[in-house]
Amino acid sequence: MKPLPRPFTILGLILLFFHWNIDCSEAQQSEEKQPPELDIAAIEQVTGMKGTECKGEYKLTVPHNDLDVTVDGFTIIPSMGMGSWAAWQGTPDNASVAGDFVMLAYEVEPVIEALVQNRIEVITLHNHMIHEEPRMFFLHYWGTGPTEALTQGLREALNQIGAAPGKVWNFEDIPEGSFPAGWKAETTNPDRTEGTWEVIADPTAPSGSKVLKLSDTGASSGGTYNIAWTGQVSFANGTIEVKVKAGTGREDQGGGPIWRVQNKNNYYIARWNPLEDNFRLYYVKDGDRVQIASADADLSTDQWHTIKIEQEGSKIEGYLDGEKNSRLITRPWFRLVESGFGQKPMRLPLLMIW
């Protein structure tokens, strides 16, 4: 087969940028604009993004500023079709959503899985370019149902691509002494009574004025771990960051994030322990904790510290206060999708904020 002349590669790329163009100029909207029926506030709350409304349609775009794509040395900037988008129409109870995902090869499978699990149909998966580096894939989708349910499903798919904006939690709107709705307080290998988590005011918090605290570890043994986690966002690849402060404790102190949580007995955890002056990465499988990596960490217990985890496929990198402490390759043993954070019990108290 005779190779396609290079000029047509770029020309074809440029032409595909004009397939979606609705006139939403101010003059046009003033003539025909109707009050939106969609629950736009719910869309923005779930996605963490703001879009534009025009003629009953609400649209969000996610430019891939994280990518460096070239075609025969020509740089493809985000505005040249390198952006995912979603558009909603309808009512809160009966809506439709359609759009495109722009993905790297390793993002294709988790995006499709998230869409299918949330009953959003995959229409087509294809390429828009040839000779590009890295290889890019484009997916079109369509779904119908309640606006919030569609948006939750779409958010789970967005979480699988590197361009998606992060989800940030704080506890400013949670009454003191209560536990955040949509979260779970559980214990790995509980021994009699389980621990108690609650939101408290803390003037030393690095942001806001409230934190989530493990106020009572419950009755426990050495292999028992208290965790607080949420399934409100899925996580396969990306970055998780948590602020943590250690309190008193005779056996252990500190804590850290858990991620790719399947349930209370299966997850990854990165834990800082000031009593042992270390920062360690583990996985917990069927309730058994296995150490993957360890690094020295001699840090103050009266200050807040930042733990950050970056994961891409089986590669995990751990950072403590901005310093990379471990780089390793792991072999995944199951697919885990949730996020949270946790702490080993018998170490009272733990204060942390996301």
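**Exercises on helix packing and buried residues**

Helix α3 passes helix α5 in a right-handed crossing. The contact involves Ile43, Val46 and Thr47 on the α3 side, and Thr147, Glu148, Thr151, Gln152 and Arg155 on the α5 side. The exercises below concern a predicted model.

**Exercise 1.** Determine the relative orientation of helices α3 and α5 from the angle between their axes.

*Solution.* Two packed helices are described by the angle between their axes and the distance between the axes. Here α3 spans residues 40-47 and α5 spans residues 147-158. Their axes come within 9 Å and cross at roughly 20 degrees. Angles under 35 degrees count as roughly parallel; therefore α3 is roughly parallel to α5.

**Exercise 2.** Classify the residues of the contact of α3 with α5 as nonpolar, polar or charged.

*Solution.* The residues of this contact divide into 2 nonpolar, 4 polar and 2 charged.

**Exercise 3.** Locate Thr230 and identify the backbone oxygen that lies 3.1 Å from a polar atom of its side chain.

*Solution.* Thr230 lies in strand β13, residues 225-230. With a relative accessible area of 0%, Thr230 is buried. The backbone oxygen in question belongs to Gly182.

Technical notes
Residues numbered from 1 in each chain as written. Predicted model: local features only at pLDDT ≥ 70, side-chain atom pairs only at ≥ 80, totals over all residues. Heavy atoms only, no water. Axes fitted to C-alpha atoms, helices over the stretch in contact; angles between N-to-C directions. Helix = DSSP H or I, 4+ residues; strand = E, 2+ residues; numbered from the N terminus. Parallel < 35°, antiparallel > 145°, perpendicular 65-115°, else oblique. Left-handed = near helix turned anticlockwise from the far one by under 90°. Contact = heavy atoms within 4.5 Å. Nonpolar A, V, L, I, M, F, W, Y, C, P; charged D, E, K, R; others polar. Buried < 20%, exposed > 50% of the residue type's maximum accessible area, 1.4 Å probe, protein only. Polar contact = N/O pair within 3.5 Å; in protein donor to acceptor, adjacent residues only side chain to side chain.
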